[in-house]
Amino acid sequence: SGEESARPADARPPLHVVESLNSLSVDIARAIDNDTSAELWNRYRRGERNVFTRRLYTLKGQQTFDEIRRKYQTDADFRTAVDRYCEDFDRLIKDVARTDRDNIMTTTYLTSDTGKVYTMLAHASGRLK
């Protein structure tokens, strides 16, 4: 629609958007295999690109991915909420990585349910190249 939201940039997203993200997060956590996720993140952090493909997800997970991508492109409130979630998680990972010489904590965060949500949201929103 091209209309800018009247809400200030730092305002919380509307409750329905947060609830939508929360309900999606349950589907997302089930949609990604732990071992595959850990392997892809290790490859990505070593500098490989284009490792995140729809094959990471179960069949149901691919539907969830497509739904998130579509919603991200069409719903400004949802896009804001996804961007904020990803930025917060990026910050967390940077903080953890500073003292995580062997990458164990970083991998633990990235393969946790929260990390899986981040992976799919960041992938669907185009953050992971």
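Predicted model: local features only at pLDDT ≥ 70, side-chain atom pairs only at ≥ 80, totals over all residues.
Me: Is α4 parallel or oblique to α6?
Reply: Helix α4 covers residues 76–98 and helix α6 covers residues 113–124. Their axes lie 10 Å apart, at an angle of about 125°. Roughly perpendicular ends at 115 degrees and roughly antiparallel begins over 145. The angle therefore makes the arrangement of α4 to α6 oblique.

Me: Which hand does the crossing of α4 and α6 have, left or right?
Reply: The α4 side of the contact consists of V82, Y85, C86, F89 and D90, and these meet T114, G115, V117, Y118, L121 and A122 in α6. By class, the contact has eight nonpolar, two polar and one charged residues. The crossing in which α4 passes α6 is left-handed.

Me: Which residues of α5 are buried, and on how wide an arc do they lie?
Reply: Helix α5 spans residues 104–111, and its buried residues are T106, T107, L110 and T111. They sit on the same side of α5, because the arc they cover around the axis is only 120°.

Me: What covers the buried residues of α5?
Reply: The buried residues in question are T106, T107, L110 and T111. From α2, the residues N34, S37, A38, W41, N42 and R45 meet these four. The cover includes α4, α6 and α2.

Me: Which hand does the crossing of α2 and α5 have, left or right?
Reply: The axes of α2 and α5 come within 9 Å and cross at roughly 125°. That angle makes α2 oblique to α5. By class, the contact of α2 with α5 has three nonpolar, six polar and one charged residues. The crossing in which α2 passes α5 is right-handed.

Me: Is N50 buried or exposed?
Reply: N50 is found in the loop between α2 and α3. Its phi is near 60°, a positive value in a residue other than glycine. The relative accessible area of N50 is 63%, and the cut-off is over 50%, so N50 is exposed.

Me: What is the relative accessible area of N103?
Reply: N103 is placed in the loop between α4 and α5. Although N103 is not a glycine, it has a positive phi of about 65°. N103 is partly exposed, with a relative accessible area of 34%.

Me: Which residues is R43 in contact with, leaving aside its neighbours within four places in sequence?
Reply: R43 is found in helix α2. With a relative accessible area of 25%, R43 is partly exposed. Once neighbours within four places in sequence are left aside, the contacts of R43 are E48 and V51.

Key
Residues numbered from 1 in each chain as written. Heavy atoms only, no water. Axes fitted to C-alpha atoms, helices over the stretch in contact; angles between N-to-C directions. Helix = DSSP H or I, 4+ residues; strand = E, 2+ residues; numbered from the N terminus. Parallel < 35°, antiparallel > 145°, perpendicular 65-115°, else oblique. Left-handed = near helix turned anticlockwise from the far one by under 90°. Contact = heavy atoms within 4.5 Å. Nonpolar A, V, L, I, M, F, W, Y, C, P; charged D, E, K, R; others polar. Buried < 20%, exposed > 50% of the residue type's maximum accessible area, 1.4 Å probe, protein only. Arc of directions from axis to C-beta.
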